[in-house]
Every structure is written in structure tokens, then in C-alpha cells.
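Visitor: I am new to this structure and would like to be taken through it step by step. Could you show it to me before I ask anything?

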Amino acid sequence: MNTKINRFLEILRWVGVFLGIFFAFLWGSGPLQQFNIFAIFAVVFVAGLTGIEGLFFGKSAVEVSGYDQGSAYQRQSAFNNLALAITAVLALLLRWGFYAYVSLLMVLLIFLTFSAINHFYTGIKEKFVPNTLLRPLLVILLWIISLYFLLSALGTI
């Protein structure tokens, strides 16, 4: 199967996170605004692109992840990720504010943590693929970046 689109989406997710960092410092007038900008970018890019990948490129996604062939559960997980990304956009448009953004980012981070544990467990039990180790490392990186922005913002409240 063609996995190039999946690898591109993986890269694009992280480009989105780093765009969030860039625009947080460019547009944010202080730690609170910087967190808000970063959180929206992170949730929309990571959850949104993961959802799109699961729905439209699911067969090759399982190849990249090392999992077995996709299923209805894979579509359900994709819809969950899209729901999270759409809710982040709604939170932005409706100006729900800091606590909504914190909640959405925490849901994303907790989900990704469980997913990373699952990737690592699958690697141990079945077979290791690059994502088996890469996913947990990237999730740790995302936690570090997120905590930087969150703790800075909380210091201003």
C-alpha cells in the first residue's frame, strides 16, 4: 500500500504544532494568548489530521502504525479525533477561552499518551515499526511544549 500520504500527514501534524509555537510567539501578547494560540493549532493539526488520515487513508495508516487491517473501530476513532478538532475550531470562533482550550488540549494529550502506550505495547507483543518508538517520543515532546505554554499561562491568572 502507498504510505507516502500517511508519512506526509505525520510530518504535517508536527509542522502544525511548530506553526502553533511560531504564531503563539508572533501573535500572542502574553503567556495566556500564547497558550490559546498554541493549543488551537496543536489540537486542530494533530487531532484533525489524524481524523482525516483514519477516515480517508486508513488502509495505509495501519501499515505505517504496525497494526492489523482497519475496522469500524478505526473509523470511530477517526471521527472522535475530528470531533475534537471541530470542537477546537468552535471554541475559537465562539470565544470559549482559556479553560476550553486547556480542556481540549488535555483530552488530546491524554488520548495521545494512551495511544503511545498502545503503540509501544503493540511493538513489544507483535512487531516493532518506526512509529512504535517514535510515537511515544513525540508525545513526550508535545507534553513538554504544552506544559511550557500552560504553566506560563497559569502564572498570569
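Visitor: Is Glu53 buried or exposed?

Guide: This is a predicted model, and in it Glu53 has a relative accessibility of 9%. Because buried means under 20% relative accessible area, Glu53 counts as buried.

Visitor: With which residue does Glu53 form a salt bridge?

Guide: Side chains of opposite charge can pair when their charged atoms come close. For Glu53 the closest N and O atoms of the pair are 3.1 Å apart, and the pair links distant parts of the chain, with Glu53 in helix α2 and its partner in helix α1, 40 residues apart. That partner is buried as well, with a relative accessible area of 5%, and the residue is Arg13.

Visitor: How are α1 and α2 oriented, roughly parallel or roughly antiparallel?

Guide: Two packed helices are described by the angle between their axes and the distance between the axes. The axes of helix α1, residues 4-27, and helix α2, residues 31-56, come within 7 Å and cross at roughly 170°. Since angles over 145 degrees count as roughly antiparallel, α1 is placed relative to α2 as roughly antiparallel.

Visitor: How many nonpolar residues does the contact of α1 with α2 have?

Guide: Sorted by class, the contact of α1 with α2 includes six polar and two charged residues. The number of nonpolar residues in this contact is 16.

Visitor: Which helix gives the largest share of the nonpolar patch?

Guide: The patch lies on the surface and is formed by Leu32, Tyr99, Leu147, Leu151, Leu154 and Ile157, with about 590 Å² of accessible area together. Among them, Tyr99 is found in helix α5, residues 98-125, and counts as exposed because its relative accessibility is 57%. The largest share, three residues, comes from residues 130-154, that is, from helix α6.

Methods:
Residues numbered from 1 in each chain as written. Predicted model: local features only at pLDDT ≥ 70, side-chain atom pairs only at ≥ 80, totals over all residues. Heavy atoms only, no water. Axes fitted to C-alpha atoms, helices over the stretch in contact; angles between N-to-C directions. Helix = DSSP H or I, 4+ residues; strand = E, 2+ residues; numbered from the N terminus. Parallel < 35°, antiparallel > 145°, perpendicular 65-115°, else oblique. Nonpolar A, V, L, I, M, F, W, Y, C, P; charged D, E, K, R; others polar. Patch = residues over 30% accessible without salt bridge, like charges linked within 9 Å, V, L, I, M, F, W, Y side chains within 5 Å. Areas by Shrake-Rupley, 256 points an atom, 1.4 Å probe, with all protein chains shown as cover. Salt bridge = Lys/Arg side-chain N within 4 Å of Asp/Glu carboxyl O. Buried < 20%, exposed > 50% of the residue type's maximum accessible area, 1.4 Å probe, protein only.
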